Amino acid sequence: MTAAVKTPRTGFDALSVGVVLAAVGAYALVAAARTHEAMFQIHMYVLLAAMALGVVGVIVSGAKPKSAAQSTYNDEIVKAGVIAAMFFGVVGMLVGVVIALQLAFPSQFYFPELGFLNFGRLRPLHTSAVIFAFGGNVLIATSFYVVQRTTKARLAGGVWAWFVFWGYQLFLALAASGYLMGITEGKEYAEPEWYADLWLTIVWVAYLGVFLGTIWKRKEPHIYVANWFYLAFIVTIAMLHIVNNLALPVDAFAGTSVSLMAGVQSALTQWWYGHNAVGFFLTAGFLAIMYYFIPKQANRPVYSYRLSIVHFWALIFIYIWAGPHHLHYTALPQWAQTLGMTFSVMLWMPSWGGMVNGLMTLSGAWDKLRTDPVLRMLVVSVAFYGMSTFEGPVMSIRAVNALSHYTDWTIGHVHSGALGWVGFVSFGALYALTPWLWKRERLYSLRLVDLHFWIATVGILLYIAAMWVAGIMQGLMWRAYNDLGFLQYSFVETVQAMHPYYIIRALGGVLYLIGALVMAYNLWRTARGDVAIQERTPASAPAAVPAE
């Protein structure tokens, strides 16, 4: 819906963004001139160039007419998020395939002359690309879309919304290039150095301001439950990020830092962060997607709004305490380990409450799964969510953890949630958003969506089954003793035994990547306005649901 909307521009949003960009740019210029670290200097030049481009963008934005015909909603930024998410998704999955092949065939995929392609540098690049680059852009795009529709208000903050989007892309560029150059704090899911962390903090505070500002000026009195999940994700991630990354730079113009915490305190803080990055980034944020896109795609109300509220508050309260289960059999006090285990087991109940709510939203509309592959992908993602949130609490039990910890069973568990839950719910949301945003009647090809669904599903099953078998076998071999009381197997023998399963894992990753490439092609053709010739008059294919 478009209309000539009077948009009074005080210029304060552009001015405030410009001040931030100028201040950061000034620091980058001084740091680039004074530092003695070559890698840090490269990043400062990148930061300086980004700030200069940002200032130009703000000036161009401020030069636009004060009264212009524009959409009621800011959908351009959502479009940009969809494109960025699809790009980073393909890149992140490609890197994942490469490191899976490095583990399966180390002789063939080891590049001694190209240090930046070694497993130690590509592995954090893969995790950050798929979690923060792909997943983060999906969350930013969907949150900006959903909050506008459910509040019937345009995004608040003016230029600040674009600052959030481009500022986040800059953080991803600093983080990814840093991994390849060897700049890292060595913390799981928190590898970027202090200056990248500080920049992300600025961007994240702006994100919270834009989101809260939109809710504040809402025209709809009720705040839909998806917005509560988005808010929990934004606020909690900010708290986790700041506390876990408390560090002192060794110099104001150096790229290295020293953590304020050490020993068991550092470990506990790291896994309080690490588990809740899963809990609030990969769970709460994507549950918001579930609560908006499944009802929208199925054209049905949420099964139980009361259950969604119970689900929200129970999940938010319990999840934050579960991190210590990552530290069983360590120097962490036993009471803290037990606390983490107890709350992890308790998490099963609210998690399955959310799963039931998502699945039962299809009551009376189950037949749509036959004709709508996008809805099928969304619903199967919820099934994977249920499976992962049952397996996780089981693995947190100390006796089970004694077998599973440090093995590939954990890798299988993580990827059943990442590929099945996060991946599929993201794919479903992007499939739904593309025709809505580009004003197309339907997707280019529903058959390609169906093909993507089945290729990716087979890939997931190969991946997680291989890792389950390899991980349990690995754990059993590590704890096997002979009659003399010595270890029965050497570590090398366990690695050799897992080789065929590593090949199967790599094959599963290749299939999942192929599915993502099929999706990227489908979305590109949809944005162009194309419709597959053989599908121009489908017998029962669903049309895109109008977004407004």
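Lysine 79, at 17% relative accessibility, counts as buried, where buried means under 20% relative accessible area, exposed over 50% and partly exposed in between, with a 1.4 Å probe and protein chains only. This residue lies in helix 3; helices (H or I, at least four residues) and strands (E, at least two) are DSSP runs, numbered from the N terminus. Lysine 79 touches Leu437 and Trp438, residues up to four places away in sequence not being counted, and contact here means heavy atoms within 4.5 Å. The model is a predicted one, in which local features need pLDDT of at least 70 and side-chain atom pairs count only at pLDDT 80 or more, whereas totals for chains, interfaces and linings use all residues. Residues are numbered from 1 along each chain as its sequence is written, and side-chain values use heavy atoms, with hydrogens and water left out.

The side chain of lysine 79 also meets that of glutamate 76 in a salt bridge, at 3.6 Å from N to O, a salt bridge being a side-chain nitrogen of Lys or Arg within 4 Å of a carboxyl oxygen of Asp or Glu. Both residues of this pair lie in helix 3, 3 residues apart, about one turn of the helix. Glutamate 76, with a relative accessible area of 48%, is partly exposed, whereas lysine 79 is buried.

By the same rule the count of salt bridges comes to 7. Among them is the bridge between the side chains of aspartate 75 and arginine 149, at 2.8 Å from N to O. Aspartate 75 lies in the loop between strand 2 (67-71) and helix 3 (76-104), and arginine 149 in helix 4 (residues 119-151), so the pair ties together parts that are 74 residues apart in sequence. Both aspartate 75 and arginine 149 are buried.

A further salt bridge joins the side chains of aspartate 450 and arginine 376, at 2.3 Å from N to O. This pair links distant parts of the chain, with aspartate 450 in helix 16 (residues 446-478) and arginine 376 in helix 13 (residues 373-396), 74 residues apart. Aspartate 450 counts as partly exposed at 27% relative accessibility, while arginine 376, at 14%, counts as buried.

With neighbours within four places in sequence left aside, glycine 136 is in contact with Ile131, Tyr168 and Phe281. Glycine 136 and phenylalanine 88 are 48 residues apart in sequence, and their C-alpha atoms are 9.9 Å apart in space.

For the protein as a whole, there are 18 helices and 4 strands, and the C-alpha trace spans about 85 × 65 × 45 Å along its principal axes. A compact globule of 548 residues would have a radius of gyration near 24 Å, and the value of 24 Å for the protein agrees with this; the radius is taken over C-alpha atoms, and the globule rule is 2.2 Å times the number of residues to the power 0.38. Of the 548 residues, 54% count as buried. Among contacts with a separation of 6 or more, 83% are accounted for by residues 24 or more positions apart.
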